[in-house]
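I opened my notebook to record, entry by entry, what I looked up in this structure.

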Amino acid sequence: MAKKTKNTLRDSVYSALKAMIVTGQVPPGSRVTESDIAAKLKVSRTPVREAFNRLERDGLVTGRPRQGYAVTEFDINMFREAFDIRELLDGHATELAAVAATVQDKARLRAMLAEAEQLAAIPDRTTQEKFQELEVGIDLHRVIAEISGNVMLHEMLCGILDKCQHYIWTELLWLDEWKIARDEHAEIVEAICAGNSERAGALARAHVRGSRESILRLLQAKSDYQNFRIKAS
C-alpha cells in the first residue's frame, strides 16, 4: 500500500508540474528550482526531483548545474520539426492500429472520446479541466500508437507528443478549436473501428497538418506583433 501511495504522489507531482509548464503558468525560459516547486505544491523535494528528471527526458526543461532548471523555450523551428515528424509517425501508427485493433481496443478508444465529451460539457471550465481534455486528446494518440503493436513507433511518438503539448495547448486555448479536435478524433477512431486503414491514416495526417497550420499562423502573428512593437518603440 505504501508503494502505491508513493507512486501516486510521484505521478501527481509530475502531472501538476507538467501542466504548469504546458499551460504557461511557468513561462518558457524561466528558472525553477526543486525547493520553489516543492513549496508551491506542498510536497517534499524528492517527488519534485523525480518529476524534473522525467520532464527533462520529455524535453520540457533543461537542468543547469547549481541553478535548478530552465523551462524550454518553444520556437518556430522546434515546432516545425516536431510536427513534421509527428505527421509521419501518427499517420503510420493509425494505419497499423486500424488493422490490429481488437474489440477491447475499439471500446477503449470510444471510451476516451466519451471522456473528452464529458469534460467539454462542464460549464465555465477551469484551466485544470481544460488541461484534462487536452491530456485525453494527447493520450488518444498514444493509445492508438500502442494498439499499432510497434513498440519502437509507440515510444518515438510518445516522445514527440510530449514536445508538442505546449503548441497544442496554445492552439486549443487561443484559437478555441476544442470541438474541431474532438470531431477529428471521432472520425479517426471510427475509421480505426471500421478497419479502414487507408482512411484512418489519411485522417490522422490531415489532423496533424491542420493543427500545424493553425499553430503556425498563431505563432507568426505573435512574432509579427512583437516585431511591430519593437519597431514602434
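**Notebook entries**

I began with the aromatic residues of this predicted model, and I found that F79, F83 and Y167 come together as one aromatic cluster. The count of aromatic pairs comes to 6.

I then looked for charges placed over rings. R54 lies over the face of Y14, at 3.7 Å from the ring centre, and the ring of W178 has the charged end of R125 over it, 4.9 Å from its centre.

My next entry concerns D90, which I located in helix α4, spanning residues 76-100. Is D90 buried or exposed? I noted it as buried, because its relative accessibility is 0%, and the cut-off for buried is under 20%. Apart from neighbours within four places in sequence, D90 is in contact with H141, L157, A204 and V208. I also looked up I144, which is 54 residues from D90 along the chain, and the C-alpha atoms of D90 and I144 are separated by 8.6 Å.

My last entry is on the second largest pocket, which holds about 320 Å³ of space. Its lining has 25 residues, of which I168, L172, A181, H185 and H207 are the closest to the pocket centre. I listed the elements that give two or more residues to this lining as α5 (103-120), α6 (127-148), α7 (151-175), α8 (178-193) and α9 (197-232). Which element gives the most to the lining of the second largest pocket? I found that α6 does, with 7 residues. Sorting the lining by residue type, I wrote down 12 nonpolar, 7 polar and 6 charged residues.

Key:
Residues are numbered from 1 along each chain as its sequence is written. This is a predicted model: local features need pLDDT of at least 70, side-chain atom pairs count only at pLDDT 80 or more; totals for chains, interfaces and linings use all residues. Side-chain values use heavy atoms; hydrogens and water are left out. Helices (H or I, at least four residues) and strands (E, at least two) are DSSP runs, numbered from the N terminus. Buried means under 20% relative accessible area, exposed over 50%, partly exposed in between (1.4 Å probe, protein chains only). Contact means heavy atoms within 4.5 Å. Rings of Phe, Tyr and Trp (its six-membered ring) pair if their centres lie within 6.5 Å; planes under 30 degrees apart count as stacked, over 60 as edge-to-face and the rest as tilted. A charge sits over a ring if NZ of Lys or CZ of Arg is within 6 Å of the ring centre and within 35 degrees of the ring normal. On a 1 Å grid over the protein atoms alone, a cavity is a set of points where a 1.4 Å probe fits but cannot get out, and a pocket is an open set with protein on both sides within 12 Å along at least five of seven lines; lining residues have an atom within 4 Å of a point. Grid points are joined across faces, edges and corners, and a volume is the space filled by probe spheres set on the points. Ala, Val, Leu, Ile, Met, Phe, Trp, Tyr, Cys and Pro count as nonpolar, Asp, Glu, Lys and Arg as charged, and the others, Gly among them, as polar.
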